[in-house]
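This briefing is for a reader who is new to the structure. Please have the sequence and the 3D view open while reading.

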Amino acid sequence: MIVALKPDCSLKERAAVVRFVEQRGGRLLVTVLGNQPQIGLVDAAARALAPEISKMAGVAEILEAAPPYPHVSREYQAEATEIRMGGAVIGAEEIVVMAGPCSVESKAQLEAIARSVAASGARMLRGGAFKPRSSPYSFQGLGEEGLALLASMSVETAMPVVTEVVAPEDVGLVSSYADMLQIGARNMQNFRLLSAAGEQERPVLLKRGLASTLEELLLAAEYVVSSGNPRVVLCERGIRTFETATRNTLDVSAVPVLKQRTHLPVIVDPSHAAGDRVLVPHLARAAAACGADGLLIEVHNEPEKALSDGPQSLTLEGFAAVMDEIRAVAAAVGRYAQEAPRDAAR
Ligand code: PEP
Ligand code: MN
């Protein structure tokens with residue numbers, strides 16, 4: 001529910017509405033849309049006061065059909081949220097490419113991959129140190145050792161690092177090494193983890209759950225933002241359908257739908273959607289064309305030896321080629337992706 005205030009509503013009248021709701025224990029969100037000040041009635045306690053609020057001075061009308069995720073909704077903030085980390089700005093004109101291995105496996109592996117993707121034009125470095133694996137017998141990640149390797153390659157290559165956090169108690173540790181916290185598909189509705197990520201300052205990359213609707217994704221983002229952290233990026237990474245030819249089904253329409261509903265940036269992970277490196281360039285081009293603000297791509301120097309997600313990991317050369325394609329598509333849709341630094345050896 002949104003309380004639309006009259007254009008000539010005085011500060012005093014607006015403050016009276018805010019006080020009225022707060023004194024009765026309701027949660028609200030005060031915003032200005034265009035020139036129009038408005039007050040969102042966020043929870044049930046606040047919404048119960050609507051009949052009385054509608055009679056207060058300065059109130060134009062009460063809009064019933066507001067989305068249940070006010071902090072992330074376009075109906076409360078029309079301007080796109082831009083998220084800055086080092087040289088990267090997500091949600092602006094650049095299509096920000098984040099690349100790196102599924103898992104950090106060793107210093108030599110991460111060095112080879114990070115140097116190469118940076119030379120090809122990646123803006124951010126990805127890599128898992130804590131891995132949520134379907135099997136308890138699969139490689140679970142190097143933990144803090146992996147975080148330290150990521151942090152040191154971040155300094156060397158000037159790429160901010162995005163890495164996954166799988167448990168609320170690890171949020172402090174991971175945010176002490178990483179520039180951005182990834183919450184993976186399997187944890188999209190781990191509500192304690194979402195709140196913990198909302199109570200610290202690093203931006204959050206929130207991936208869509210394997211079988212989650214876009215409304216559920218937006219509500220998950222609402223947990224993070226309403227806990228105090230406005231810097232959230234949403235990621236479409238493929239959903240589970242009846243199709244078995246691909247690991248998941250990339251929902252391309254998620255990008256324009258989310259961009260209509262939320263001011264948060266939206267990126268695409270073609271690697272986990274495809275499950276097969278041959279398909280990744282096609283999905284990456286589609287994502288760039290349909291309005292994604294960034295891409296998250298798995299790359300490995302020796303994919304056949306990777307400890308996780310080798311089949312979907314691009315080779316170093318494959319990634320360099322995809323970057324060229326992303327740049328071409330970006331230019332065609334009025335955007336750009338970072339050029340490969342001229343002297344760098346790929
Ligand atoms: C990953 O990025 O390596 C990962 C585990 O992704 P998802 O949560 O989308 O499966
Ligand atoms: Mn992976």
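Donors are N, O and S atoms within 2.8 Å of the metal (3.2 Å for Na, K and Ca), and sites may look incomplete because water is not among the atoms. In sequence, the donor residues of the manganese ion (ligand 2) follow the spacing C-x169-H-x25-E-x10-D.

This is a predicted model, in which local features need pLDDT of at least 70, side-chain atom pairs count only at pLDDT 80 or more, and totals for chains, interfaces and linings use all residues. Residues are numbered from 1 along each chain as its sequence is written, chains are lettered from A and ligands numbered from 1 in the order in which they are written, and side-chain values use heavy atoms, with hydrogens and water left out.

**The manganese site**

- The manganese ion (ligand 2) is coordinated at 2.0 to 2.4 Å by C102 (SG), H272 (NE2), E298 (OE) and D309 (OD).
- Helices (H or I, at least four residues) and strands (E, at least two) are DSSP runs, numbered from the N terminus.
- Both H272 and D309 are buried, where buried means under 20% relative accessible area, exposed means over 50%, and partly exposed lies in between (1.4 Å probe, protein chains only).
- D309 counts as buried because its relative accessibility is 18%.

**N301, in the loop that also holds D309**

- N301 lies in the loop between β14 (294-298) and α12 (316-332), and D309 is found in the loop between β14 and α12 too.
- With a relative accessibility of 26%, N301 counts as partly exposed.
- Leaving aside residues up to four places away in sequence, N301 touches Q109, A112, I113 and L316; contact means heavy atoms within 4.5 Å.
- N301 and A112 are 189 residues apart in sequence, while their C-alpha atoms are 6.7 Å apart in space.
- The side chains of N301 and H300 make a polar contact (3.1 Å).
- A polar contact is a pair of N or O atoms within 3.5 Å; within protein, one must be able to donate a hydrogen and the other to accept it, and residues adjacent in sequence count only if both atoms are side-chain atoms.

**Positive phi values**

- Most residues other than glycine have a negative phi.
- D309 has a positive phi, near 55 degrees.
- A158 also has a positive phi, near 60 degrees.
- A158 sits in the loop between α5 (144-157) and β9 (161-164), and is exposed, with a relative accessible area of 64%.

**Helices α7 and α8**

- The axes of α7 (residues 191-198) and α8 (residues 214-226) come within 6 Å and cross at roughly 40 degrees.
- Axes are lines fitted to C-alpha atoms, for helices over the stretch in contact, and angles run from 0 to 180 degrees between N-to-C directions.
- The two helices, α7 and α8, are therefore oblique to each other; angles under 35 degrees count as roughly parallel, over 145 as roughly antiparallel, 65 to 115 as roughly perpendicular and the rest as oblique.
- F191, L194, S195, A197 and G198 in α7 meet A220, Y223 and V224 in α8.

- Q200 is found in the loop between α7 and β11 (204-207), and counts as buried at 13% relative accessibility.
- A polar atom of the Q200 side chain lies 2.9 Å from the backbone oxygen of A197.
- The side chain of Q200 also reaches the backbone nitrogen of R202, at 2.9 Å.
- Not counting residues up to four places away in sequence, Q200 touches V171, S175, L181 and N229.
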